[in-house]
Structure formats: structure tokens, C-alpha cells
Amino acid sequence: MKPLRKIGTFLGTGGDRSAPAPQYAALADGLIITDTHAEGWYVLASSNTDLMSEGARDAEQDAASAALARTLAGFDCHLRVLWSPLNAEDYMTEAADMFSTGAWEEWAALRTQRLNQLALPARHLLLGVRLTERSGMTKRAGRRVQDAFGLDTSTVGKGELVKLDAQMRRLGRRLESSPWKAQPAAVEMLAWMIGREQHRATPLPAPNAAGVIGGAKIAALTRGRILPHPDHLRVVDGRGEVTAWTSVLTMHGFPETLETPGPGEWLRMLSEINYVPDIDEDALPADIDPESLILPVSPEASVRFRVLAKRPAIKKAEAARRVAKEQRNSAAGQSAEEPGLDMEDTERTMTHLVRDVRRQDVTLVEDHPRLIVTSTTGLDDLRARVDAVITYYGGLGIEVSVGEEELRELWLEVQPGDQLRVPDVGHVRDVTALTGSWWWGGAKVGDDAGPIVGYLTGSTPGVLRNDITAGADRGDATTTAFIGRSGRGKTTAMMLSMLDTGFKGSWVLALDFKGDLGGVVSAAHRYGIDAGLIETGPRFAGAADLFTLLAAEGLDAARNEVPAQLSIAAPEHLRERGAETPITRAVNAVIEQGDPATWKVIEYLKNMEDPLARETGEALDDLSRGALGAPFMGRPTGEAPPLEAKPGIWVVQMPGLSLPAPESTRKEWTPVQRLSVALMHSMLAYGITTSGRRDLRRLAKAVCIPEVHVLTATREGANFLQYMSRVGRALKVSMVLDTQDPESLAKLVGVIEQLTTVVGFQLTTREQQDALLDLLGLEKNDHGRDLIRSIGLLANGEIRHGHSIIRDRRFACATAQWDIPSLELEELLDTSPNAAQNDPAVTMEKVNA
């Protein structure tokens, strides 16, 4: 918590209300050049601050203050916070590069339609810095004559442009190391920033071959009419119709102190201001959701500022101290003979400030904040938005009002390339008062590219991207963990990621110990992705036969794995008598006969002369007829689809497994536990060998395991998880884990070290909450536990499915909502016990119909 001291408001100097509007000469990457000066413009990165620890916030704010004081001292700067609607149609273009399998166009169109419904605004942060004044008015006048006759496409010479570009990039390299990670703004971004103020639908001009926009294109970019009124401006299009109503608000009063986190973040809070538009009640549907009437105002910000060098800062503070002293003396000479307390406090504050500045403990900044509120609906809507902004900031003790009668000057002032015009509505204060506004703060989490799976629910809006297979491509860790209570949406979130991965043409294997992933196979069939479902039971006899599953690796792999599997399944008293020997002999014999299968090994044992072999064969034959034994050693019925190592989604459901505890000996295992371990052995061996196949190295692969605590409770399962996590990058295999028990997961060092993304849902016990906070990288304290307990709950205490806390590969952490883009898909992915759609046969009947 840092106090933000408002030092005072002074009459500014250097402003010019009557200055002409800026005349743009040229635009280039990172440069706006006018007839009078040149500015460097940079795009600033957002920082994830919503869940940042207090220590990390303080460190980042100190770094930002240092960047202002050291890098930008003495420069005239212009900060813009802009909003634009998310162009959902761009996702279709991205989808063509991401997806390649199934009805991916329909899938991408479904997500695009959902994004249009959400209408999420995108925030843009830009910083302009005046680099140099342009001299030689006569020379520039000559250039304008040339341009008028079409003799030149730009009013800026090549040499001047190269020199300005070097200046801009030199400053940019210093700003790049700041918390804002500044990058030169593309010329297209600058053209959009200038042209958007006209609210016209005309296409933006394209730069020439040299990357410059100039000449007639600049004129087309700024062709528009703005009609000023006392409390608003009207933007008029080419047909004379009003397209937008705009007001510029000044922030002319701040409390003496503000704190962060909290009211001190007066620029970060722009995204939190909402209002309810005035709508005729008779026009509203009877079943409308009241929350849908609450809309964002999305005010934009323009802050012109200058970090003062030591001498000007002392001069301003001394001037303020003298004024306060004179006022105090004047008050003392009046009849009351009692100087005002405010005068005494101001004099005392200025005295201390002069001392602090002399000691270089304090750096001052002079800033002029403006808020721009726009409506494309009407004047009444604009005024409702303005009232919402004034009320919101009034609750923080910040005085905001419309710049009445000076809206023309204020509107020009906020334009890039212009100058300070209304200097008397400004503030001189410590730089922490400006950096404490956290204009670059908010919520940001997830991948930079890849499938969109939801949206952010923090203090700034945005989409959530999650690509579970991207880790191997960037040489990073490849394991994703979904953690939380049952019924909170973690398995559904996993299935959404599986579908996106399936559309990318990846091989996806899911080991479903709970038995509720059938819906993802139904959804895959619905959208044309190859998919198969294997279940325990006689219907799927032989579907998990290791001879079949490991055929691509050659008979040597099966020659080692099948005897081990049958030895696990055999009764303990037979194993103690040496049953492993005849089992191995039978396996070798069946392999030599050709077309091997596990059920043939059992038949061979039953027909051997050795009594132990026959007894073992009879015992295994009886076990192969049960639900757990049939999949890996039963005689195939021809009903079960095969598991194939090709692009698609393949789900193996194994509900009812009863795995032994790691500390129990084999003698203590029950028959059900032996079969459970043997069946799991099949799937783990299949997962390991298929993932390591050389012919599949280039194929993206994902092994998904819901209810992974079933595996972590066994030695073999824990070893499998750690092995797959550690070799994932090399084999291009991504592990996706779903568990209700972060404590047991945290004990698997090999898995924890390879986590690239952690998705946390609600947990209620202190021990599990602390384990999840560790995995998320958040502090283990009451605040963090309350956060884990409340995530996924609505204000009325009801469950909010799919709401989670996400830690991405950069260790950024924010809240987000996993979003199912349609009701049909939600029904297909239903994990409740009564979900008929989980039966792929039902889905296929609907599709065929």
C-alpha cells in the first residue's frame, strides 16, 4: 500500500487555447509528424495486477516511477487509453491457420457468433513522446506546394524520416525495459488512432512502399466535421448526419492521499464504470435478465504530462509555498487574525517538498488528465454515461466535470500530435500519483494465440486463449492441471480443450476413470472429428488387448508387457506357485503362431499339459468374462471400435477401478484390485509406447486424465505421470490432468516441475486451498483462501460453473470464465449422471437422422 500524495494544483503555463489544429505531415511506424513537431508513439503492454502480491505490485510501481523519472524526464508526453470492439470475425481467419480437421469452419463460426454476443471491448495503451521541433517553415511551405501539385507523396524528406526513426527507436529501447514493455506503434495503429475520432466507416489509408502515410492520404484520414456545443460535441459524417456524441471531462480535484490497491488506481478503473441506459420499460421482454441491462461506459483517457527536472520542480514548489505564505499573512492581518488551516498546511507541505526534492527523494510530474465519453446512440445516452463517470469518481473523492464552453479546445488537446491547450486544469504531484493510477494494470492471462475458450472476469475485459499442445512447439513444459471440487466445471473445461486439440489434427487419448467423458466423443462426432469410446464390460472385450495396442511397436514390446499384465491379473496363489513361467511360454508360442492376441494366450494355457498352466488358464478365462478383465484379455465380439493411433479423440472409460494403496503388498490385493491394476497397465503401456513412436513424433499428442488422484494413489500411476510429464516436450506429448486433490499432486515433483498452466476451481478445506495456492503461485493467507473458496460462486451463493483462477506459463494469475459457445454443445458435454448425450450411439443416430 503506497500513499499517493497530491501535492497541489497550479496554474499551468505553455498552453495555447487559440493554437491551430494539428496539421499532419506524415505517419510512419512509431512516428506522428506534424508541421510543427515530431512525436514518437509506442504501444504499451498490459500487466496482470488483479491477483499480484503486494510486494510484486510495489516493485513494479517503483520500476514504473523510475522509468518516468529517468527515461521520460523533460519530455512532453501524451498517454492514451483507448477502447475498441473485439472484431470477432478475425477469429475465423485465425481458425484457418489453427484447425485442419473435421467441420472446423462450423466450430470456429460457433465461437465467432458467441464472441459477437459477448461484445468484449479491447483496451489499447499508447504513449506519445515529443521528440523534436521541426524548423524551416519556408522549406515546409515549399513541400506543401509540391504535394499540392502531386510532385511528392510525403511532406517529410527521407533523410528527416530516417533521423526521426533513429530517435524514436533509441528512446523505445529504453522504454522497452520498463514495466510497460513499450514497442513502436505500427503505422496502421496510428492511422486508426487518428481516424477513429471521425467515426466514419471509410477504410483506413494504406502506407506506401516505404511504410509512410502522407500527402492526400493524410487529408482523407482527417476529413471530418466536429460541431461543438456547451456540454458536448457532435461528430458529423459526410452526409451531414450525426454519428456520435462526445464529451471531454476534466479531473480537477483529487484527495490529498490515495492508496493502491484501491482508489489510487484511477486510470485502471476505467473498465469498471457501468451504467444502465434509459430504455422504455414497455419495450423490454418480460423474461429479460436484469444484469443484461448493465452496460460498460468504456470512457477513454488522455493524459498529457511532463516529468519535471529538479530545478523546475523546486521552483514550482517554492512558488506555491510563497503564495501560501502570503495568503496566511494576509489572513492574519484581517479582523479575524486567524490564518486558514489549509494555508498553513500548504505552506508546511511545500516546505517539506522542497527539502525532499533537493535530496532527490521525490520527482514531480505535471499532468493534465482528461476523460473522453462517447455515445453512438444519442445525446441522452451520452449524458447518462457522463453522469455514471462523474458519480463513480465522486465516490472515490475525485472531482470530475464536463469541460463546458471549452470542449473544442479540450477535444483538440486530446488528439495525438496536438498540444496542451487548457493548462489551468492540471496537477503537479509526485510521480507515484501518476504511476499509482496503474493505467497499464488489470487482468491478463492465457496464451497469446490459439483457441479462444472463454473470457477474463478481472478488472479489464478480454478473451481467454488456451492451447494445451503449444508447450512442445515453443520448447516449454507441456502439462496442464485442472484442480477443484466436483461439479465446478473442470472436466467440462478439459473437454473444451480436447475438442480444440482434436480440430488441430492431434491424437488425443483420455483415460476416464470416472466415466463421464462420453460427451466429448459425442461432440467430436457432431463436428466431424474421428473419435472412439472404449468402456469396461464384455461388449468391449479385447479392445484394450496389448497385442493390438502395441502392434505398431513390434512384437517385442508385447512380448514384455503381456506376461507382466497377465501375471498381475492371475490369482496370487498361482503366481506364488510359479504361474509366470507358463504364461511367458504361452505368450511366446502364440506369437510364433502369428496373429497373436491375449485371449489366445489364455486358450493356449488351458490346453497345455502342465497342470499349473491349465489351472492358470482356467482362472484367467473366468476373469476375462468380467467387466474389468474383458477389455484387455477377453475374446473380441466385433462390437467395440478399435483404439487407433491417428488424429482423433479416443476415450477409454474405466469406472469402478479399485486400485490398491501404494503401501499395500501384492499379497494383500483383492481380485478386483488385481484386475484394476492389470487394466490400468494396458492403458499406461499404450500411452507410453504410442507417445514415443518415432513415426508419430511430428504429430501433436495429448494424454488427458480426469480424476487423476486415482493414479496418484498408486506407485505405477505416479511413475507414469512423472515420466510422461518429463518427456512431454521431447515426444511432443501434452499431459492434461484433472483432480480434486492438489495435495497428492503436489507431491509428484516431476509433474509439478513441468506444469505450464494451472486452472484452479473452488476448494473448501484449508489444506487443499493452501496446496492450490502454492500451485497458482499465490500467497498462502486468509485472503488467498477466501479467493479459492469464493471462486465459482455467484453473489447469491449459487454455483457459477466454469469460473476459475488461471496461472499461465508466464506465472501470471487472473480469474476467467470458461465459456461453452452454444446450448447444444453444453448438452453434449453434460457430465451429470442423467446425460443421455454421453452415449455416442445416441448422438450418431441424431447425426444420421
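**Reading strands and sheets**

A: Strand S4 and strand S6 (residues 121–133) run antiparallel, joined by seven bridges. The model is predicted: local features need pLDDT of at least 70, side-chain atom pairs count only at pLDDT 80 or more, and totals for chains, interfaces and linings use all residues. Residues are numbered from 1 along each chain as its sequence is written, and side-chain values use heavy atoms, without hydrogens and water.

Q: What do strands of a sheet pair through?

A: Strands of a sheet pair through backbone hydrogen bonds, either parallel or antiparallel. Strands here are DSSP runs (E, at least two residues), numbered from the N terminus. Two strands pair if DSSP finds at least two bridges between them. In S6, Gly 128 is the bridge partner of Trp 41.

Q: Which residue stands opposite Tyr 42 in S7?

A: Pro 184 does. S4 and S7 (residues 183–184) pair antiparallel over two bridges.

Q: How many residues of S4 are buried?

A: Buried means under 20% relative accessible area (1.4 Å probe, protein chains only). Six of the seven residues in S4 (37–43) are buried.

Q: How does S3 connect to S4?

A: A hairpin of two residues joins them. S3 (residues 31–34) and S4 run antiparallel, with three bridges. Ile 32 stands opposite Glu 39 in S4.

Q: Which strands stand at the edges, each with a single partner strand?

A: Take the open sheet of 11 strands with mixed pairing. S20 (463–465) and S23 (531–535) stand at its edges with a single partner each, so one side of each has no neighbour in the sheet. S23 pairs with S24 (residues 648–653) in the parallel sense, over five bridges. There, Leu 533 stands opposite Val 651.

Methods. Helix = DSSP H or I, 4+ residues; strand = E, 2+ residues; numbered from the N terminus. Buried < 20%, exposed > 50% of the residue type's maximum accessible area, 1.4 Å probe, protein only.
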